[in-house]
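Q: I have a structure open here and would like to talk through how its parts are held against each other. Could you take me through it slowly?

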Amino acid sequence: MNIAVVGLSHKTAPVEVREKLSIPENNLEEAIAHIKTYPHIEEVAILSTCNRLEIYFVSSESEPGVVEITQFLSETSHLPLSQLRRHLFTLLHEDAMRHLMRVAAGLDSLVLGEGQILSQVKTMHKKSQKYKGIGRLLDRLLKQAISAGKRVRTETNIGTGAVSISSAAVELALTKADDLTRSRITIIGAGKMSQLLVKHLLAKGASNITIVNRSQKRSQDLAKQFSEADLTLRPLEDMMDAIKGSDLVFTSTGATEPILDKAKLEGQLPEHPLMLIDISVPLNINRDVKELEKVRVFNVDDLKAVVAQNTAQRHQMAQEAEILLEEEVEGFEVWRRSLETVPTINCLRKKVEGIREQELEKALSRLGVEFADKHQEVIEALTRGIVNKILHEPMVQLRSQQDIEARRQAMQSLQQLFNLETEEQFS
């Protein structure tokens with residue numbers, strides 16, 4: 001079985017393409033179920049964030065598996081393969097494992113070392129388990145990637161002072177508006193990104209902040225975390241009124257279609273200039289809004305310059321993290337290669353167990369019915385214990401052998417010595 005990943009990210013595709021491939025959380029189960037119907041896909045996990053869509057999978061054959069995943073992406077995005085392929089990357093085997101660990105550690109993020117991606121990888125693992133997308137290989141790989149991400153944050157300082165997408169958006173607002181203390185600010189959405197927006201805005205001295213959201217309970221939960229800030233909460237129906245009274249608007253919702261466009265904003269704009277910063281993917285703000293006078297619109301791709309200034313000092317820490325991740329990749333690969341021994345071990349155990357049962361039956365018949373009934377449980381436990389102790393050391397040595405050729409020679413020797421007929425080997 002082969003591990004691979006096909007996807008795209010902020011490094012390979014603009015937001016206009018990424019939003020077409022974004023898979024909302026409530027569509028994940030359907031997407032996983034659909035992908036698992038492909039003949040070459042055994043396991044699948046999907047990571048969909050504002051900056052990337054990556055599909056990790058286990059396939060009996062790498063090339064047909066990649067073709068099937070690419071076809072799925074073309075169908076769901078309604079982009080022709082000729083246009084889509086230029087934005088996709090494909091990584092196989094150790095390269096795919098290494099990439100996932102780098103992602104979990106924040107080394108592949110737009111914001112180097114940002115912590116939110118680790119939480120997103122954890123969610124990918126949970127959702128993939130819940131929707132029965134993953135089996136033994138991806139389950140183990142995702143767990144190791146999460147462990148690697150935690151280790152990088154514990155053993156290096158890459159997370160110290162690391163900015164998030166939300167804080168980069170606030171930094172961008174500062175470069176364009178200079179002073180946020182007098183700005184009237186509206187945040188549309190009340191999720192994790194909005195929570196971080198409020199945190200960073202307050203740190204920059206902003207005080208006039210309104211939260212607009214469909215769910216009032218979620219808005220109230222967010223406001224409780226910043227009780228000292230006295231946030232204004234408004235329902236989604238008041239969105240246009242809130243925007244009209246604002247200098248700066250952030251959008252961060254899970255909507256799959258734009259919630260603001262030129263037609264909706266015309267006639268509703270304030271007399272003063274308005275700045276709109278969209279940190280959602282798919283985009284919350286339609287591109288035609290840029291045609292409006294006195295309106296400046298920015299999205300996640302506009303954050304790159306801000307991020308570059310904040311990440312330069314962390315490149316040395318990233319190099320330290322890469323060394324740690326190589327150890328994690330090697331550890332996973334040792335475990336994966338050990339699966340090669342499973343058919344031989346199972347076959348050997350089955351054969352020895354068959355011999356034990358035959359000899360036990362002969363012995364019990366010679367001991368007589370009365371003795372056998374009275375002591376069969378003890379004698380059976382004795383014979384099982386002997387078999388387990390004899391097999392334990394060879395099995396441990398076989399699994400722990402890191403030299404691939406030496407391990408395969410040992411398996412061949414066992415097969416010849418015990419005349420074993422094993423199933424097809426793991427590859």
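Q: How many salt bridges does the structure hold?
A: This is a predicted model, and the structure holds 27 salt bridges.

Q: Ok, so which residue does E19 pair with?
A: E19 forms a salt bridge with R287, and the closest N and O atoms of the two are 2.5 Å apart.

Q: And where do E19 and R287 lie?
A: E19 belongs to helix α1 (residues 15-21), while R287 sits in the loop between β9 (274-278) and β10 (295-299), so the pair ties together parts that are 268 residues apart in sequence.

Q: Is E19 buried or exposed?
A: E19 is buried, because its relative accessible area is 16% and the cut-off for buried is under 20%, whereas R287, at 38% relative accessibility, counts as partly exposed.

Q: What about E353 and R356, where are those?
A: Both lie in helix α15 (residues 342-367), three residues apart, which is about one turn of the helix, and their side chains meet in a salt bridge of 2.7 Å from N to O. E353 is buried at 17% relative accessible area, and R356 is buried too, at 6%.

Q: Switching topic: at what angle do α5 and α6 pack?
A: Helix α5 (residues 94-104) and helix α6 (residues 116-130) pack at about 125°, with their axes 8 Å apart, and they are therefore oblique to each other.

Q: Which residues make that contact?
A: From α5 there are L100, V103 and A104, and from α6 there are I117, L118, V121 and M124; by class, the contact has seven nonpolar residues, with no polar and no charged ones.

Technical notes. Residues are numbered from 1 along each chain as its sequence is written. This is a predicted model: local features need pLDDT of at least 70, side-chain atom pairs count only at pLDDT 80 or more; totals for chains, interfaces and linings use all residues. Side-chain values use heavy atoms; hydrogens and water are left out. Axes are lines fitted to C-alpha atoms, for helices over the stretch in contact, and angles run from 0 to 180 degrees between N-to-C directions. Helices (H or I, at least four residues) and strands (E, at least two) are DSSP runs, numbered from the N terminus. Angles under 35 degrees count as roughly parallel, over 145 as roughly antiparallel, 65 to 115 as roughly perpendicular and the rest as oblique. Contact means heavy atoms within 4.5 Å. Ala, Val, Leu, Ile, Met, Phe, Trp, Tyr, Cys and Pro count as nonpolar, Asp, Glu, Lys and Arg as charged, and the others, Gly among them, as polar. A salt bridge is a side-chain nitrogen of Lys or Arg within 4 Å of a carboxyl oxygen of Asp or Glu. Buried means under 20% relative accessible area, exposed over 50%, partly exposed in between (1.4 Å probe, protein chains only).
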